[in-house]
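Please look over the chain below before reading on. The paragraphs that follow go from single residues to the chain as a whole.

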Amino acid sequence: QVQLVESGGGLVQAGGSLRLSCAASGRTFSSWSMGWFRQAPGKERELVAAINWKNSRTNYPDSVKGRFTISRDNAKNTVYLQMNSLKPEDTAVYYCAADTTRATMGLSANEYDYWGQGTQVTVSS
């Protein structure tokens, strides 16, 4: 079983930055996909970044491209989400997720097997 623990959320002003961390434990990583999703009230959970753990290839939607960067640290079994130029519409609960069966960096939340508890990101005007 894989455990995912997020940290780094908080309150930030528009234009500011936050760095989220997701520490994974319980299993050695292989050809997995790791993703960051967010969910705002009344909205569907959406992918904001994904990474192939093995080769570090990444995938981003247009809404965050150029502002968000996903990365990994093999030694720490940790994936990061660096968020720059934050906007109020980025306000959401952010979740770390792992797809342990594929390395396709899937866009759909139901493709991921494990989830962290979520961390709140609030961007003020």
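A residue counts as buried when its relative accessible area is under 20%, as exposed when that area is over 50%, and as partly exposed in between. The model shown here is a predicted one.

The chain has 11 strands and zero helices. Read from the N terminus, the order of elements is therefore β-β-β-β-β-β-β-β-β-β-β.

Next come the aromatic rings. The structure holds four aromatic pairs. One of them joins Phe37 and Tyr112, with 5.1 Å from centre to centre and 75° between the planes, an edge-to-face arrangement. Why does this pair tie together parts that are apart in sequence? Phe37 lies in strand β4, whereas Tyr112 lies in the loop between β9 (92-99) and β10 (114-115), so the pair connects parts that are 75 residues apart in sequence. Both Phe37 and Tyr112 are buried.

Another pair is made by Tyr95 and Trp115. This pair is also edge-to-face, with a centre-to-centre distance of 6.3 Å and an angle of 80° between the planes. Tyr95 sits in strand β9 and Trp115 in strand β10, 20 residues apart, and the pair links these distant parts of the chain. Are the two residues buried or partly exposed? Tyr95 has a relative accessibility of 14%, so Tyr95 counts as buried. Trp115 has 26%, so Trp115 counts as partly exposed. Through ring pairs, Phe37, Tyr95, Tyr112 and Trp115 are linked into a cluster.

The backbone is the next topic. Most residues other than glycine have a negative phi. Ser85 is not glycine, yet the phi of Ser85 is positive, near 50°. Ser85 is placed in the loop between β8 (78-83) and β9. With a relative accessibility of 38%, Ser85 counts as partly exposed. Met105 is another residue other than glycine with a positive phi, in this case near 55°. The loop between β9 and β10 holds Met105. Met105 is buried, because its relative accessible area is 13%.

Now consider the whole chain. Which value of the radius of gyration would a compact globule of 125 residues have? The value would be near 14 Å, and the chain has 13 Å, which agrees. Along the principal axes, the C-alpha trace spans about 40 × 25 × 25 Å. Of the 125 residues, 44% count as buried.

Contacts within the chain can be sorted by separation in sequence. Among contacts between residues at least 6 apart in sequence, 58% join residues at least 24 apart.

Note on methods. Residues are numbered from 1 along each chain as its sequence is written. This is a predicted model: local features need pLDDT of at least 70, side-chain atom pairs count only at pLDDT 80 or more; totals for chains, interfaces and linings use all residues. Side-chain values use heavy atoms; hydrogens and water are left out. Helices (H or I, at least four residues) and strands (E, at least two) are DSSP runs, numbered from the N terminus. The radius of gyration is taken over C-alpha atoms; the globule rule is 2.2 Å times the number of residues to the power 0.38. Buried means under 20% relative accessible area, exposed over 50%, partly exposed in between (1.4 Å probe, protein chains only). Contact means heavy atoms within 4.5 Å. Rings of Phe, Tyr and Trp (its six-membered ring) pair if their centres lie within 6.5 Å; planes under 30 degrees apart count as stacked, over 60 as edge-to-face and the rest as tilted.
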